[in-house]
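Subject: Structure handover, salt bridges

Hello,

Please find the structure below, followed by notes on what was found in it.

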Amino acid sequence: MAAPILRGVREVMRLADFAPVPRRHRHKKKWAATEPKFPASRLALQNFDMTYSVQFGDLWPSIRVSLLSEQKYGALVNNFASWDHVSAKLEQLSAKDFVSAAMSHWELEAQSGHSTTPTYSPNLRCFTFARGDVSRFPPARLGSLGVMDYYLMDAASLLPVLALGLHAGDTVLDLCAAPGGKTLALLQTLCCRNLAANDLSTSRTGRLQKVLQNYVPQDIREGNQVRVTSWDGRKWGELEGDTYDRVLVDVPCTTDRHSLYEDENNIFQRSRRKERQMLPMLQMQLLAAGLLATRPGGHVVYSTCSLSHLQNEYVVEGTIELLANQYSIKVQVEDLSHFRKLFMDTFCFFQSCQVGELVLPNLMANFGPMYFCKLHRLT
């Protein structure tokens with residue numbers, strides 16, 4: 001997977017090697033003094049302009065300006081708080097629960113015989129402002145039950161959890177769980193008999209623990225229901241193979257929107273070029289581990305917050321082929337096209353996505369990017 005990327009880099013370097021310089025004019029460059037020092041966020045934008053203008057064509061200018069504009073957020077209602085009171089307060093702000101609105105509309109169509117009810121994770125309530133409304137939610141507060149009322153997140157981040165289609169009593173693995181928004185959403189479904197939340201980085205699992213402390217009652221956190229670990233996710237298939245009903249694999253990626261705003265710890269820093277080139281390989285290893293940890297008949301959702309097809313469709317297709325060839329495991333991509341119709345009033349979907357679904361940033365609905373694909377392990 002990484003080989004085509006490396007070959008492309010070498011070709012660009014070859015083309016940039018201009019006519020030879022006569023010996024008398026040669027000198028040793030003083031890199032620190034002469035090389036322009038671009039911030040990582042600027043390098044990220046240059047990279048996106050080069051690659052995404054080809055991938056998205058005429059759509060790229062509108063995606064670009066949306067990525068560089070203020071992001072919209074949703075308010076995920078905490079079911080462990082007084083959720084009905086919290087929902088009423090959010091409605092007073094003229095916000096709408098986009099999940100219940102979409103499902104109510106779909107159920108009306110199902111009753112008229114025009115569609116069937118889709119499979120989705122229950123009990124999730126997330127409020128957003130209407131298209132074009134750039135209002136902000138006030139910061140969450142501690143409620144009367146000792147936990148925070150709601151969690152502010154990119155509302156598109158809820159789609160992978162919805163797509164996972166949890167049922168009551170499921171055993172669930174969140175393989176790359178930090179900083180914790182999707183882990184919290186999994187718990188909000190009230191379906192997890194056991195939830196394993198893992199992230200390799202101990203500092204990031206510290207952030208995850210803080211989210212759980214602020215939003216989840218102590219008896220659930222300290223009981224057998226939630227287990228937080230800091231293991232290498234690539235080895236999970238060896239540690240707990242054929243175990244889980246549902247697995248979420250929200251992999252490390254180029255975090256496209258974040259990379260345009262933050263220079264610290266940015267994947268586009270020159271010192272992290274090799275790490276960035278190897279991302280698709282890491283993503284394949286993590287998805288393969290997630291599928292191996294899933295019991296036959298179980299489901300996995302793979303997700304990123306990147307627009308790159310190298311990190312999205314190519315990873316899914318490569319992993320399916322890998323498992324078929326090396327483990328004789330058959331995996332099938334589930335059709336999620338109904339999500340486009342369900343949530344078209346809230347998100348802007350990329351209509352040409354061939355495998356899985358991709359939410360595009362759009363000035364009228366500036367969520368995402370968020371790619372998600374549902375996989376069914378058949379054997």
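Is Arg-377 buried or exposed? Arg-377 is buried, at a relative accessible area of 5%; here buried means under 20% relative accessible area, exposed over 50%, and partly exposed in between, with a 1.4 Å probe and protein chains only.

Two notes on the source. This is a predicted model, in which local features need pLDDT of at least 70 and side-chain atom pairs count only at pLDDT 80 or more, while totals for chains, interfaces and linings use all residues. Residues are numbered from 1 along each chain as its sequence is written, and side-chain values use heavy atoms, with hydrogens and water left out.

The search of the whole structure gave 11 salt bridges, a salt bridge being a side-chain nitrogen of Lys or Arg within 4 Å of a carboxyl oxygen of Asp or Glu. Three of them follow.

Arg-377 pairs with Asp-242, with 2.8 Å between the closest N and O atoms. This pair links distant parts of the chain, 135 residues apart: Asp-242 is in the loop between α11 (236-239) and β8 (244-250), and Arg-377 is in strand β12 (residues 370-377). Helices (H or I, at least four residues) and strands (E, at least two) are DSSP runs, numbered from the N terminus. Asp-242 is partly exposed, at 46%.

Asp-245 and Arg-295 form a salt bridge at 2.5 Å, N to O. They lie 50 residues apart, in strand β8 and strand β9 (residues 294-304) respectively. Asp-245 is buried at 11%, and Arg-295 is partly exposed at 30%.

Arg-272 and Glu-275 also meet in a salt bridge, at 2.7 Å, N to O. Arg-272 is buried at 17%, whereas Glu-275 is partly exposed at 41%.

Regards
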